[in-house]
Each structure stands twice: as structure tokens, then as C-alpha cells.
Amino acid sequence: MIAETSIKKNKRSLINNAAFSILIPSWNNLSYLKLCIESIHKNSQFAHQIIVHINEGTDGTLAWIESQPDIDYTFSEKNIGICYALNIASTLAQTDYIMYMNDDMYVCPGWDNALMNEIKSINHNNFFLSSTMIEPLFTNNNCVIVKNFGTTINDFKEEELLKEFSSIQMHDWLGATWPPNIVHKDVWNLVGGYSTEFSPGMSSDPDFSMKLWKLGIRLYKGVSASRVYHFGCKSTERIIKNDGSKMFFKKWQMPSSTLTKYYLRRGQIFDGALKEPN
């Protein structure tokens, strides 16, 4: 139970001009977390506030993060899952935009500029945007670019990715759901972040999208020009999963597939704000 583990918060960064507050939950995944943060520092056009939630950190993550004065962090002695991790990390956010990113992701050059340009063009706060993932394996996900630049950090072809990522054809798509995703902090606060009844996290992504839908948001856009390489499930493959599908159905009286197919039209070519489904 959450009450049985101590939660600590540590805000240290002094980034006055940060564009996004990037929340990264991490569970004993130090090598991938280092690569993720390195890519943010190396491939971002803007400065960002990075906030890591450390679950356990027994692999050296806690010690490493403590040695990085430009990274804010929260810490739990036990693994409290994604939903609690995101919510506690978000209390340290200092910017207008809250982004959720997994620790097994590598951001490509221009990823943040593409999102910022999109936000400026929208000119209001009622949106939900996702970057476009590049993944090494086919999973029947039409929101993803499939191109193998390595399935693990050990065989990661970084130079090849940097040469090719921008030339791979992909369209803007409907139905933003998965991380990396970004919302305005007012929207995050209005819906209460991620729903902890889905802890440790299965189906928390479509649940968050549904909460935004109920709020009245209809602009769900996957931005093709914002690209992120995703090694894929380096933490979730180790956890005991909750029955997220059943929980989503009990909460919303529909399967999550109904939301993604008929409400969000996830993966279809972006054609503007969504309308009420038939």
C-alpha cells in the first residue's frame, strides 16, 4: 500500500526559461533513463524541467539522480506504479505544460520544437498532443513508425536513427493517447492527473483520454514531426499487471476499444477536431 512507503520530493533545478515540465517515472531502469535524459539534453531546442519519479532506485538510480543538480525528483522506497508516480512528480512542475514520457524513450532532434509550434498554432489550452513513436517491432499500431534501430540499449543504432528518422514518411494522426504526451497544466489539474485506481498503470492511458473527453476536449493530435524512439515496455514487462480493461469497462460502461476506435479514431489521418461519435 502507498501509506507503507515513504515519499520524498526534491526540487533543485533553477531553469527559469523552461518550456515543458517532463515527468519520467522510472523503476530500476538506470541505463535507459540515462539515455533518455541525455537525448533530452542533446536533442532539444528548448530548455525543459525534467522531473523523475524514482520507484525503489535500488539499481543506482537514486544515487545517480542525486548527483544531477539540474534534475528534480520524487522518490518512493517501493514501486508505487505509473499513476501515483506521475501525480506526485507533477506537484513539482513549474511550467505551463506537463509532458509524460517513459524512461525507455530517446527523443529525436526537433521533437520539442514541433510540439511547441503546434501549441502556438492552436492558440488555446484545450488540446492533447502526442509525439510519434518509432518502434523496432511491428505491433499492429497504426500510430507508430516501425523501423528497427535496436531492440535494446546494447544494440541501439543511434547514429543511424539520427540520419534517418526525419525522412521516414508519416502523417499527423488522430487519437493522442500514449506518451510522450502533453497537456496544459490547467487541464491536468482539472481532471486530477492519472487515475490511481488503474495502478500500477494498465489502461490508465485511455482512461486519461476519456477524462479529457468528458471535460470537453476534442483536439487529440499525434504530431508526426515530433519523433521519439521507443525501445518498448522495458518496465511494464516486469510488473504484475492490473486488469485495466475490466476496470475501464466498469468505470466508463464501454470497452477502451470503443473509445479509441469510435471516439478518438486513433491512428486515422488527422482531419481536425473530433466530433461526437455515431
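**Reading the assignments in a predicted model**

Modeller: Asparagine 123 is placed in the loop between α4 and β7 (128-135), in a model that is predicted.

Colleague: Why is asparagine 123 called exposed?

Modeller: The relative accessible area of asparagine 123 is 67%, and the word exposed applies over 50%, so asparagine 123 counts as exposed. Asparagine 123 also has a positive phi of about 70°, although it is not a glycine, whereas most residues other than glycine have a negative phi.

Colleague: Why is threonine 177 called buried?

Modeller: Buried requires a relative accessible area under 20%, and threonine 177 has 0%, so the term applies. Threonine 177 sits in the loop between β9 (173-174) and β10 (181-184), where it touches residues including Phe128, Asp205 and Arg266.

Colleague: What makes the peptide bond that joins proline 179 and proline 180 cis?

Modeller: Omega is about 0° for that bond, while most peptide bonds are trans. Proline 180 belongs to the loop between β9 and β10.

Colleague: Why is strand β2 largely enclosed by the rest of the structure?

Modeller: Seven of the seven residues of β2 (residues 21-27) are buried, and so the strand is largely enclosed. The covering extends to both faces, with Ser21, Leu23, Pro25 and Trp27 buried on one side and Ile22, Ile24 and Ser26 buried on the other. In a regular strand the side chains alternate between the two faces of the sheet.

Colleague: How do you know that β2 and strand β5 pair?

Modeller: Pairing needs at least two bridges, and three bridges join β2 and β5 (residues 97-100) in the parallel sense, so the two strands pair. Within this pairing, serine 21 stands opposite isoleucine 98. By the same criterion of at least two bridges, β2 pairs with strand β3 (residues 49-55), to which seven bridges join it in a parallel run; there, the bridge partner of proline 25 is histidine 53.

Note on methods: Residues are numbered from 1 along each chain as its sequence is written. This is a predicted model: local features need pLDDT of at least 70, side-chain atom pairs count only at pLDDT 80 or more; totals for chains, interfaces and linings use all residues. Side-chain values use heavy atoms; hydrogens and water are left out. Buried means under 20% relative accessible area, exposed over 50%, partly exposed in between (1.4 Å probe, protein chains only). Helices (H or I, at least four residues) and strands (E, at least two) are DSSP runs, numbered from the N terminus. Contact means heavy atoms within 4.5 Å. Lists of a residue's contacts leave out its neighbours within four places in sequence.
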